[in-house]
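Colleague: Hi! Could you walk me through this one in plain words?
Modeller: Happy to, let's look together.

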Amino acid sequence: MSLKIGAHVSVAGGVDNAVTNQTEIGGNCGQIFTHSPQVWQNPNIDEDEAEAFRSGTKRDLEGPWVIHTSYLVNLCTPKAGLREKSLDSMQREVDAATRLGIPYVNVHLGAHTGAGVDGGLDNAASVIDDVDVPDDVTILVESDAGAGTKLGGEFEHLAGVIDRTETEIDVCLDTAHAFAAGYDLSSPDAVNETLAAFDDVVGLDHLKCIHLNDSKHACGTHKDEHAHIGEGHVGDAGMERVINHPDLRDVPLVLETPTEDGRGFAWNVDRVRELRHEE
Ligand SMILES: [Zn+2]
Ligand SMILES: [Zn+2]
């Protein structure tokens, strides 16, 4: 199976620029925001851009794109106003995905802010079921570092939303988040155990994307800060096992690594390719 590796790239100047941005760093799949993730905003994509994105993707890339939703979306919220805005935003993202030929829309569950774990998961499932999801798009709920009342830090939360929704949804595992949430990934044995736990609770058949990031903080700290591949607390041994685990070899790997120390996505893509053993 071929390695699917890419990064979260910019759509500045037009969504079709993401294809060039991806090939320039050596990626063959990847992720985008359809607009600034820090504000409520609508994806504003005209048909020429959408067509250029679709044809460029078909021509130059191998793996899938993922749309990452706005950071303001909170599926777990007990507040009616925020729920409405989150639902509206989700609807626009899945509609943008189908126009762009993107199969996945990735979302954080958000924080329950007092509703409790079960209440928060009920809320998240209810919002997802109110989204009119096109047939060719799947919502992915992302694992979280689990700070405060944010859900998604425990695999049980991800399984809990899957159980509660009538919509078919899948999961994105962020290695930095899972590690910060307390799932060790820093050695081959630890990776095997964490994936076995994921398989038991969620099921590996639901794993459609991995956000491949190392972590600047130790396991179980609940602190979410990404590091270059192999340079954080996960380290080369853990990363090498994730990249080569027999159950993960065909899962798209999307980097959200920092751009600092003179290293950007191209350096991290190269590092992943070096750590990959071809059969
Ligand atoms: Zn994310
Ligand atoms: Zn993160």
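Predicted model: local features only at pLDDT ≥ 70, side-chain atom pairs only at ≥ 80, totals over all residues.

Modeller: One definition to begin with: four donors count as tetrahedral if all angles lie between 85 and 135 degrees, four count as square planar and six as octahedral if opposite donors are over 155 degrees apart and all others between 65 and 115, and anything else is irregular. Donors are N, O and S atoms within 2.8 Å of the metal (3.2 Å for Na, K and Ca), and water is not among the atoms, so sites may look incomplete.

Colleague: Which shape does the site of the zinc ion (ligand 2) have?
Modeller: The site is irregular, as the angles among its four donor atoms run from 54 to 142 degrees. The donors are His 177 (NE2), Asp 224 (OD), Asp 224 (OD) and His 226 (NE2), at 2.0 to 2.6 Å from the zinc ion (ligand 2). Along the chain their spacing reads H-x46-D-x1-H.

Colleague: Where do His 177 and Asp 224 lie?
Modeller: His 177 is in helix α6 (residues 175-181) and Asp 224 is in the loop between β8 (214-215) and β9 (226-227), so the pair ties together parts that are 47 residues apart in sequence. Helices (H or I, at least four residues) and strands (E, at least two) are DSSP runs, numbered from the N terminus.

Colleague: Is His 177 buried or exposed?
Modeller: His 177 counts as buried because its relative accessibility is 2%, while Asp 224, at 43%, counts as partly exposed. Buried means under 20% relative accessible area, exposed over 50%, and partly exposed in between (1.4 Å probe, protein chains only).

Colleague: And what are the protein donors of the zinc ion (ligand 1)?
Modeller: They are His 68 (NE2), His 108 (NE2) and Glu 142 (OE), lying 2.1 Å from the zinc ion (ligand 1). The two zinc ions, ligand 1 and ligand 2, are 5.8 Å apart. His 108 in strand β4 (residues 104-108) and Glu 142 in strand β5 (residues 138-142) link distant parts of the chain, 34 residues apart. Glu 142 counts as buried, with 1% relative accessibility.

Colleague: New topic: how many salt bridges does a search of the whole structure find?
Modeller: It finds 17. A salt bridge is a side-chain nitrogen of Lys or Arg within 4 Å of a carboxyl oxygen of Asp or Glu. One of them joins Arg 92 and Asp 88, at 3.1 Å from N to O. Both residues lie in helix α3 (residues 80-100), four residues apart, about one turn of the helix.

Colleague: What about Arg 271?
Modeller: Arg 271 forms a salt bridge with Asp 236, with the closest N and O atoms 3.1 Å apart. This pair links distant parts of the chain, with Arg 271 in helix α9 and Asp 236 in helix α8, 35 residues apart. Arg 271 is buried, with a relative accessible area of 18%, whereas Asp 236 counts as partly exposed at 32%.

Definitions and conventions:
Residues numbered from 1 in each chain as written. Chains lettered and ligands numbered in written order. Heavy atoms only, no water.
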